[in-house]
Each structure stands twice: as C-alpha cells, then as structure tokens.
Amino acid sequence: MFETLTGKLQEVFKNLRGYGKLSEANIADALREVRIALLEADVNYDVAKNWIDDIQVKALGANVTKTVSPGQQIIKILHDELVRLLGSAESSLQLSGSPARILLVGLNGSGKTTTAAKLGLWLKSKGRSPMLVACDVYRPAAVEQLQTLGRQVEVPVFAQPGELNVPRIAEQAVRLAEIQNRNVLIFDTAGRHQIDEPLMQELVELKKVVRPQEILLVADAATGQEAANVAGRFHEKLDLTGFILSRMDGDTRGGAALSMNRLTGRPIKLIGTGEKTSDLEVFHPDRMASRILGMGDIVSLVEKAQESVDAEKAAKLEKKLRKNEFTLQDFLEQLEEVQRMGPLENLLAMIPGAANVKNLSLPEKQLTGIKAIVQSMTPQERAHPEILNARRRIRIAQGSGVTVTQVNDLLKRFGAMRKMMKNVGKMGKMLGGMRGAGGFPGMPGMR
Ligand code: GDP
C-alpha cells in the first residue's frame, strides 16, 4: 500500500532532516518534491496544489524555538496536514434506524457485492443482526454472487428473482427485516461500467424509498483519482455519507484516498484490504498518514519533545554548562525533564538508528534514586555542592533512604561530569558524555 509514494517522501525527508536551519528556499524545494510525489501517486492536481500551498504558509510561520530540528518540525507539519487531508478522525457508521439502512453504490467491478458481504460479517461481529438485500436486478449473476457470499458469512440475503422494480424489493426487505428482527439492512445496488443518467435516477428513487442512514460509495482505490472523480459525480446526485475504498491491498498509489475527502467533504469510513470476506477495516486517517510518510516514529518523537523540552531552557542550560555553573538543581531539572518524556528506552527506540545505543539509557529506578538524593538537599546545597560536608551528607542519606556511600558516589560523579561538561555545548553531547564518564552514578541496590 502506497510503497512508491512513501519511498519518494522518505527521500525528501532525508534531505530535510539534514538542514540545521530552514530557509524559505529549502522549504519550497522540499515541498515541490512532495507535490511531485503526490501527483505521481495520482492525487488530484488541485487537491495537491492547495494542500502544498497551505503547508508552505504553516511551515514558514512555524515556531522554531523548540529543540527538535526544523526539518523534523516540517515532517510533523506534513503529517498533521496529511491527517487532515485524509479526513482527520475515524468516522463511525450511523446505525440509528430500526432497522438501520445502508445503501452501497458504485461502478461495476468496484467491489460492491464483495463489500456488502464483508460489511455484513463485520456488523455481525459487532453484535448486529444484518441482512443483505439484492437490488442489482439486471445482472442475475450479481444476485447469485450475493447469495453465495451471504451463505459464506452466514448472513441472510433477501432477493426476489424476476422482480425488476427495485424500490418495491427494498420496501419488502424493510418489512421482512422488521418481522425477522434484523436490525441493519445492506442494499447491494446495480452498478454500471460508467456513470449514466438512468442509473443515477434509479438510485435517487431507491434512496427516497429506503431513506438510508448511510449512502456509501464503494470505490476501487487502485483507480486513483478516477475513483475520486466518480465519487464527486455520485455525491452530486446522492449526497453520499461516506466511502468504502476497496483494494487498498493492491498497488494503490494513494490518489483516491488522498483526494476523496477534500473533493467531497465526506469521509472514508472503511477500507477493503483483500479478497476475503474478513478483509474490511476501519479507516484511521492518522495511522494512514504515518504509514504514507513512513515517519510515524519521528512524529511522535517531535510531539513528545515539544511537550517536554523547551529550547530556551536548553540554551540557558548550555550557557551554564559552558560557564561551569551547572548545579545539582539543574541536574535535578534535567532528570525530571527526561522522566517526563517517558521511559528513556522508548524514547531512544523512536530515533531511527538509535536502537543500537540502548545502553546509553539509565534504568528508571536509578533516575528515581538520584532524584531522591538531590531532593533531600537544601537549595543552597544544590547550588553549591562544595558545602556538603560529612554531617550534611549523613542527613541527606537518611532523608533519601540511601547509604552515605551512595551520596558520595553521586557527588563524585557529578563533580567529574561538571568538569567534563565545561567544554561541551550541546545537550545531545551531554547524554553521550555522561556515558563516557562511566554512566550516571551507578548505584546498585537503589530503589
Ligand atoms: P462489484 O461488481 O462492484 O459488485 O464487484 P465485486 O464485489 O464483484 O468485486 C470485483 C472483484 O474485486 C472480485 O474479484 C473481488 O474479489 C475483488 N475485490 C473486492 N474487494 C477487494 C479488496 O478489498 N481487495 C482485493 N484484492 N480484491 C477485492
């Protein structure tokens, strides 16, 4: 799914990530590449253009004072906008009627009949009692196909062979559903190879009789922006409530999924991901966006970093480090910052290529132990560790539930670190440096 698009975007990001600073020119370059990738993925031209224009404005106005790199920030903006392009949030099916009525429409071969059966099975698994209704009366094979699929998924199928009056079939189906306590009706309607007026008219008539809560267009994702055009035409006539994209498992380039919502304002609700009747999934715009970008991890990393670490603070800290004014209080704040970002292991796992630097991280309980010691110190002691004489150290050990040796150990290593830090500028290097100094105070037995 979307492999080509993802590959292209990753190329763009590789360059973006390398930039220390983003200028109007390199943002424009990167976005031009993104736009080409979208057009190659068969995204509608206007959709791609407007979307990129929006992003350009956002990227230039982005507040770049945070510690994440500007390139990473652009990736995050792209991700968020991609989620919006795909429809923002999941859309559930409206099933409030009794029985609830779902009209499936679409061109021949779009996967409509298969999707009717998939939907029946899916609703059954959600505790509903669905019934399929065969309204594609022009193709006897379509009725048989629905009956076969219905048997497979053990969902009853209502069909009236020989009856050509589709609204009448629908009425009878609703009546039977009431008698048999079926609470969702799924209408498989006739398709055409192309949109034509008589078909549309029939569907409009059927809609009047059925009064469906959902009119879902089943569209073949593999047909790219053509699917989006078809969607537009159906929507004009029928006021669709949403889409089911079939064949998302195939060589889908992305055009349909990325254009549909913007062109019609209606959400993609479900996707077909294979030929089996169980291959139906809820469409999650955010997961799809991460998948398309192939950058889900960076996005969460940026989110976390934006929540927790402020670049201004980091700059102040850097200055303190240089001037050798780094105190135990700063040290404590850093530890808290790191803890706020969640387990260090998880954080590292999110950075591409960082998986092999695992031993850089500190066990959570060591962090907690160190915090306890520093918290048992007075502000003056934290600022001037040199005043910590034996008496004070005993008090601190008692206050934090550790031995005096452990307090000494922490202070010794803090002193060594401070000395080493003197010439180190960056926070990233700081983490590395700590490791070089033999790690944070190794404190066995500390709870
Ligand atoms: P209809 O003419 O719109 O009713 O289309 P069908 O339901 O007969 O589907 C046409 C073909 O597409 C069938 O061979 C289905 O098995 C296949 N198909 C439907 N949905 C999917 C899907 O999500 N993935 C794949 N790979 N094939 C699908």
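These legends describe close-up views of a predicted model.

**View 1. Helix 2 and helix 3 pack against each other.**
Helix 2 spans residues 24–40 and helix 3 spans residues 45–61. Their axes come within 10 Å and cross at roughly 155°. Angles over 145 degrees count as roughly antiparallel, and helix 2 and helix 3 are therefore roughly antiparallel to each other. The crossing of helix 2 with helix 3 is right-handed. From helix 2, the contact is made by Glu24, Ile27, Ala28, Leu31, Val34, Arg35, Leu38 and Leu39. From helix 3, it involves Tyr45, Ala48, Lys49, Trp51, Ile52, Ile55, Gln56, Ala59 and Leu60. By residue class, this contact of helix 2 with helix 3 holds 13 nonpolar, 1 polar and 3 charged residues.

**View 2. Asp42 lies in the loop between helix 2 and helix 3.**
Asp42 is not a glycine, yet has a positive phi of about 70°. The loop that holds Asp42 runs between helix 2 (24–40) and helix 3 (45–61).

**View 3. A cis peptide bond joins Ser98 to Pro99.**
The omega angle of this bond is near -5°. Pro99 belongs to the loop between helix 4 (70–85) and strand 1 (100–105).

Helix 8 comprises residues 197–210, and helix 9 comprises residues 225–238. The two axes come within 10 Å, with a crossing angle of roughly 45°. The residues of the contact of helix 8 with helix 9 comprise 6 nonpolar, no polar and 3 charged.

Thr113 places a polar side-chain atom 2.6 Å from an oxygen atom of the ligand. A polar backbone atom of Ser110 is 3.1 Å from an oxygen atom of the ligand. For Asp249, a polar side-chain atom lies 2.8 Å from a nitrogen atom of the ligand.

Conventions:
Residues are numbered from 1 along each chain as its sequence is written. This is a predicted model: local features need pLDDT of at least 70, side-chain atom pairs count only at pLDDT 80 or more; totals for chains, interfaces and linings use all residues. Side-chain values use heavy atoms; hydrogens and water are left out. Axes are lines fitted to C-alpha atoms, for helices over the stretch in contact, and angles run from 0 to 180 degrees between N-to-C directions. Helices (H or I, at least four residues) and strands (E, at least two) are DSSP runs, numbered from the N terminus. Ala, Val, Leu, Ile, Met, Phe, Trp, Tyr, Cys and Pro count as nonpolar, Asp, Glu, Lys and Arg as charged, and the others, Gly among them, as polar. A polar contact is a pair of N or O atoms within 3.5 Å; within protein, one must be able to donate a hydrogen and the other to accept it, and residues adjacent in sequence count only if both atoms are side-chain atoms. Angles under 35 degrees count as roughly parallel, over 145 as roughly antiparallel, 65 to 115 as roughly perpendicular and the rest as oblique. A crossing is left-handed if the near helix is turned anticlockwise from the far one by less than a right angle, and right-handed if clockwise. Contact means heavy atoms within 4.5 Å.
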